[in-house]
Every structure is written in C-alpha cells, then in structure tokens.
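Open your viewer and keep the selection tool at hand. We will walk through a few stops together.

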Amino acid sequence: MGINLKAKEVLIQIGKYAGTYRYVLSPVIYNKLSASKVIQEAAVRSNINRGVLNAAWDAIGSVIQTWATEGHSVAIPGLGTMRFGVKAASASTVEKVSSDLITARKVIFTPSVDIKNELRTTSVNIACYDRTGKLIKTVNSAGDKLGDFEVELLASPENSGTFDGAGFYNENDVVVVKAIPASGYQFVKWDDDVTDAERSLTITEDVSLVATFKPSTPEPENPDVV
C-alpha cells in the first residue's frame, strides 16, 4: 500500500520560480472514515461484537475528552497522545493577565515512537499529472515504476463524477476504487453492472471501468401546450 501523493504541474506565482511551471507534491486526501466504518472494520478484525465495540468507542471517547480538557496528556491507542493547548498573547503586567489573552484553543497531538518509525519506513507512491491534468508517470519512493497494470476510471456523462483509486499497480494488488458523483449527480452503476460505488479489485491485468451517473433531481416535464 503506502502513502499516496500527487505531483501536479502548476504555474508558480511567487518566489524564485515565479512564472515557471513546476511539479508540486501534495497528499492524496481520501474520504473521511465514519465511526461506524471504523467500528465495523474493527469488529471484523477482532471478532468482537459490533455493539460491544460501539459502546467501548463511546466510553473511550468520553474519557479522552474529559481527561484532555482537564489538562492531561491522554493516550490514543496505536498513535500517540493528545492534549489541549492554547495560543495566547503576552501581558506586560500581572493585572493584564486574563482569558482575553487567548487567541486560539487547539489540540496538540504527539505521535508515538512506533508510529514515527512506521511513517519513516512506509513506502511513498507518487502519481504525476501534467498541467492539463493527464496522468503521465507514477513512481514509488525507490524511484521505480509503481506497477505494471493500470486502473483507468471514466465517468459517463463526462465530468459527472470523480474517482479514488485510479493509477498503476502490481499484479495481485487489491485496490479499492470509488466513484464520487459531481454536484447535481448520483451514481448509477459501473459498466460491468456492479451497483456499489465503492468496490475492491484484484489486479491481474489492465482495468478500464466506466461509471454511469445521472442527475440527482429529475428535470421538470414540459407542460402540455394547449
């Protein structure tokens, strides 16, 4: 798997490279995973009843919130610790010290040594796009070609949706692809008649899929002409 980044060719507006096109790296942002999705996956992995995990999730969240707001640094399982903090201005005299000095309240997260090491050694996959938005190259952190097989995802009608999961992969990689409707559209099906917008693919060859979308609200009918 690894961390996925995109390198897009953009026109630099300021600085020493102003007026030139350069490839700028940024992380690929995936959809937010809901609590129910996380609990469902944890239930599958642990073989613990989903209702039990849901109750534990709520209890742990309540404990973390209570202790963190009291000033404790609280452990987040598998990740590190969190606590609440503030950003504030200084005061010239003790008489001027008040809560009005606070300019921001924030959450401070400190990753564990294990997660730092995991991130340091995790491979990085980079998809490169030219200034027209065309995918022209994919590499990993070793500089090698990312995969031998391409997953191409297309929308019908054009511009009616976007996708997660397109790119190059190795044989037998399991890839999750998702069709995301554009504003005003809803997903209908893939061209192989699969009706789930999010699906898994086991890669053994090049894959090209077309997702069909339709307007999310029907167009009004023309009134009868009298």
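This is a predicted model: local features need pLDDT of at least 70, side-chain atom pairs count only at pLDDT 80 or more; totals for chains, interfaces and linings use all residues.

Residues are numbered from 1 along each chain as its sequence is written, and side-chain values use heavy atoms, with hydrogens and water left out.

Start by selecting strand 1 (residues 3-11) and strand 6 (residues 124-129), which run parallel and are joined by six bridges. Strands here are DSSP runs (E, at least two residues), numbered from the N terminus, and two of them pair if DSSP finds at least two bridges between them. Look for Asn4, whose bridge partner in strand 6 is Asn125.

Ala127 has Thr138 of strand 7 as its bridge partner. Five residues lie between the two strands of this hairpin, where Gly133 takes a positive phi near 90°.

Now turn to salt bridges (a side-chain nitrogen of Lys or Arg within 4 Å of a carboxyl oxygen of Asp or Glu); the count comes to five. Select Lys178 and Glu198, which meet at 4.0 Å, N to O. Lys178 lies in strand 11 (residues 174-181) and Glu198 in strand 13 (residues 198-202), so this pair ties together parts that are 20 residues apart in sequence.

Finish with Arg199 and Asp192, whose side chains form a salt bridge at 2.8 Å, N to O.

Notes:
Helices (H or I, at least four residues) and strands (E, at least two) are DSSP runs, numbered from the N terminus.
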